[in-house]
Amino acid sequence: MTVAGSTAEADSATRYELPGSRLDDWWQGMLARPGVRTAWIWGGPALVLGVAAATRLINLGHPDSLVFDETYYVKDAYSLSQLGYEGSWPKDANAAFNSGIVSNYLPSASFVVHPPVGKWIIAAGMAVFGANNAFGWRISVAIVGILLVALTMAIAHGLFKRPLLTVIAGGLLAIDGNAIVMSRVSLLDNMLAFFALLGFGAILLDREFAKRRLNRWVVRHGTSGWGPALFWRPWLLAAAVAFGLASGVKWSGFYFLAILGIYVVVGELILRKQAGIEFWATGALLKQAPATFLLLVPLAAVTYLLSWWSWFAGDGGYHRHWIENEGGTAWTGLLSWVPYDFQNWWHFEANVYNYNINEHSFHAYQSNPLTWLFLVRPTSMYWSTSGGSVQTILDLANPIIWWASTAAAFFLVVRVVRGLMARRKVWVEAAILSGLAAGYLPWLLYLNRTIFTFYTIAFEPYLILALTAAIGFLLGTAADPESRRTVSIRVVGIFLAVCVVVSVFFLPIWTAMPIPDLFFRLHLWLPTWL
């Protein structure tokens, strides 16, 4: 009996583990020192922003020529800043522009397929640093790319409430190739990503604001009936402006407005149920949802319309006087009262829509959106060879970060489904997936259209947040058993170290550094990457 009892006690002692790890103990001791916690909370994100600035700003002016679609957006931005609308350019204008001759645009308007907000931002950089150099063309986009990292960290802090995960989220975006390339080439998509993420962050803040207001209303009025219609929601108004600006960069910003608007309505259903309101469903759908619509959609539409202010202010824009001077047909009947200015603009927008949905011309680097999550076909934006040396800008995400983010997104889908079945709170996961859905799923409607992988920058922050959430689940907390916690820390540490090494390895082909051709080919992990 004594032997058996001793064995049982030994087994029990073996099964029991102290929580946390040696690293947790050391870290908690460090944080207990005066000033260390504050230095970590602010210093960690500052270091990430330093990395983001370095990867986006160093040698930004190389190549010193228009690359890829800069031929459209840079020249459009400059003529927009000079004329108030996008002017036409003579043949072979790129060579002159590259040499510093930037004012040979023509007074005739050019047909453009994207709204002006992103081009005004590009023009701001040229106004400060000059239009006759590549740094001036690209600086605004680079700054927006740095701000995108900062905003991602701010949102990660709000979602996870863990400074380490805040730093991880920002750090992963700071060193990813897709985010780096799209911050070093003067295209529009970085601005779309920023304003869409800004709206997403405002919606997260609105959720907490609405929850507090709803709970206060319940305390005062009780739970009977449909509950209130909350009209004073400043964060929702801020989201409307942000989505309007996103749509003023590219129309795909409207998808963020629509899908995240649905997320808000579903969130209101859940909040009312949790508050114990008697008719929570009908109250949310028939009373609050119309109010939410009125707060979001009209202001977003007005913001978008105002982004065209220079087109309306002048006379030279494309189709500016379509009815008066081009033989256009004015509206009749109930719409005959609409001013010609608006009718002309609407006709312009209709032409843009028809162009966009019917764009099927072949491009060597077009990609099917079904392949985007798997990084099948990147976009080559610049290529130059000289004596066996290669310089290239290949818009290719860090494959380790990207593939892990895709796996994490599917992991969150499983967590949401299981959480709903178990009636467990999964609003963080649902919010991240809603942002991802807004940026990605609408493109599945255009499988045969000429589109490119670099469009993914619009939803990359949500992929990074999904990966950060998965890392958080894997890491656990210092309250976990020592063996599990130690293994988790090692796995995450190794993974992050591999991500850094891979980014350093790929950095030359993201930034057009001269490298041997053989070294370039070592980066072609898939045959479709060439």
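How many bridges pair β3 with strand β4 (residues 389-395), and in which sense? The two pair over 7 bridges, in the antiparallel sense. This is a predicted model, where local features need pLDDT of at least 70, side-chain atom pairs count only at pLDDT 80 or more, and totals for chains, interfaces and linings use all residues. Residues are numbered from 1 along each chain as its sequence is written, and side-chain values use heavy atoms, with hydrogens and water left out.

**The sheet**

- Helices (H or I, at least four residues) and strands (E, at least two) are DSSP runs, numbered from the N terminus.
- Two strands pair if DSSP finds at least two bridges between them.
- An open sheet is built from 3 strands in the order β3-β4-β5, with antiparallel pairing.
- Its edge strands are β3 (379-386) and β5 (515-516), and each pairs on one side only.
- β3 and β4 form a hairpin with 2 residues between them.
- In the turn, Gly 387 has a positive phi of about 55 degrees.
- Ser 386 stands opposite Ser 389 in β4, while Ser 384 stands opposite Gln 391 in β4.
- β4 and β5 run antiparallel and are joined by 2 bridges.
- Ser 389 has Pro 516 as its bridge partner in β5.
- β4 is mostly covered, with 6 of its 7 residues buried.
- Buried means under 20% relative accessible area, exposed over 50%, and partly exposed in between (1.4 Å probe, protein chains only).

**The nonpolar cores**

- A nonpolar core is a set of buried Ala, Val, Leu, Ile, Met, Phe, Trp, Tyr and Cys residues joined through side-chain atoms within 4.5 Å.
- The largest core has 124 residues.
- Phe 160, Phe 200, Met 381, Ile 432 and Phe 459 have the most contacts inside this core.
- Helix α7 (residues 134-160) gives the largest share of this core, 12 residues.
- Contact means heavy atoms within 4.5 Å.
- Leaving aside neighbours within four places in sequence, Ile 432 is in contact with Leu 159, Phe 160, Phe 200, Leu 412, Tyr 462, Leu 465, Ala 466 and Ala 469.
- A second, separate core has 8 residues, including Ala 210, Leu 214, Val 218 and Ile 277.

**The cavities**

- Rolling a probe the size of a water molecule over the atoms shows where empty space is left.
- On a 1 Å grid over the protein atoms alone, a cavity is a set of points where a 1.4 Å probe fits but cannot get out; lining residues have an atom within 4 Å of a point.
- Grid points are joined across faces, edges and corners, and a volume is the space filled by probe spheres set on the points.
- The whole structure holds 3 cavities of 30 Å³ or more.
- The largest cavity has a volume of about 80 Å³.
- Its lining divides into 5 nonpolar, 1 polar and 4 charged residues.
- Here Ala, Val, Leu, Ile, Met, Phe, Trp, Tyr, Cys and Pro count as nonpolar, Asp, Glu, Lys and Arg as charged, and the others, Gly among them, as polar.
- α12 gives the largest share of this lining, 5 residues.
- α10 (189-221) and α12 (253-275) each supply at least two residues of the lining.
- The second largest cavity has a volume of about 60 Å³.
- Among the residues that line the second largest cavity are Ala 210, Arg 233, Glu 268 and Leu 271.
- Ala 210, Arg 233, Glu 268 and Leu 271 are also among those lining the largest cavity.

**Thr 292**

- Thr 292 lies in helix α13 (residues 280-306).
- Thr 292 is buried, with a relative accessible area of 1%.
- Not counting residues up to four places away in sequence, Thr 292 touches Arg 233, Leu 236, Val 264 and Glu 268.

**The pockets**

- A pocket is an open set of points with protein on both sides within 12 Å along at least five of seven lines.
- The largest pocket has a volume of about 860 Å³.
- Of its 26 lining residues, Ile 270, Val 416, Leu 420, Val 426 and Ala 430 lie nearest its centre.
- This lining divides into 18 nonpolar, 3 polar and 5 charged residues.
- The second largest pocket holds about 700 Å³ of space.
- α4 gives the most to the lining of the second largest pocket, with 5 residues.
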